[in-house]
Amino acid sequence: MSKAVVLDSKFEKSGELELPASFGEANPHNLYLYVKSYQAALRANTAVTKTRAEVSGGGKKPWAQKGRGGARAGSNRSPIWVGGGVAHGPKNNRNYFQKVNKKQKRLALICALNEKAEAGKLMIVDSVSIESGKTKDAAAFVNALNVRDVLVVKDLVDEKSFYAFRNLSNAYLVEGNELNGYTAAAFEAVVIEKSVFETLTKEG
């Protein structure tokens, strides 16, 4: 059974906590589906081109059908003309939404956290708070964990902690209700407050 690392008030390892049996039952495919859905929802969908019917101009036939020795042309807005419309170009009316139900979202999160626990990168602490509000103190906290990057999950994000973490490129601070499978999987390590973890394990 996977275990989470328990940190003390100095953010040093003080023990281990065995994860609930349900954490070992999550199918990794649920995580794949959730990440795919999450990334699809992030697509800006702003790429758009005009067809020959939408480009301005082109009302007059450029030259006579016969007699000039060149290819015939009916409009200078044809896709083969410079400045003409685009054939089969992108349109911004495409829907990229991919449905993932509530149960799958939860299973995706459980799978992501379980993978972190198996790697020894899921850490539980009573509270994460940077009282000074200074980035250097938040950076010291992250460096002490000896990881590439970390997702810090608080029950409620206070103002000073928000300011302390916001400029760090290797740390991201979220509240418990913002935690999801994608963000948990995207970082090498996850530090989560005990109250948030207990709420998560109690959910059905």
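Which residues have the most contacts inside the largest nonpolar core? Let's work through that and two more exercises.

This is a predicted model, where local features need pLDDT of at least 70, side-chain atom pairs count only at pLDDT 80 or more, and totals for chains, interfaces and linings use all residues. Residues are numbered from 1 along each chain as its sequence is written, and side-chain values use heavy atoms, leaving out hydrogens and water.

**Exercise 1. Find the centre of the core and its suppliers.**

Step 1: a nonpolar core is a set of buried Ala, Val, Leu, Ile, Met, Phe, Trp, Tyr and Cys residues joined through side-chain atoms within 4.5 Å. Buried means under 20% relative accessible area (1.4 Å probe, protein chains only).

Step 2: the largest such core has 27 residues, and L113, L122, V153 and I192 have the most contacts inside it.

Step 3: elements supplying at least two residues each include α1 (28–41), β3 (122–125) and β4 (150–154). The top supplier is α2, with 7 residues. Helices (H or I, at least four residues) and strands (E, at least two) are DSSP runs, numbered from the N terminus.

**Exercise 2. Work out how β6 sits.**

Step 1: check cover; 5 of the 5 residues in β6 are buried.

Step 2: sort the directions. A189, V191 and E193 point one way, while V190 and I192 point the other.

How values were computed: Buried < 20%, exposed > 50% of the residue type's maximum accessible area, 1.4 Å probe, protein only.
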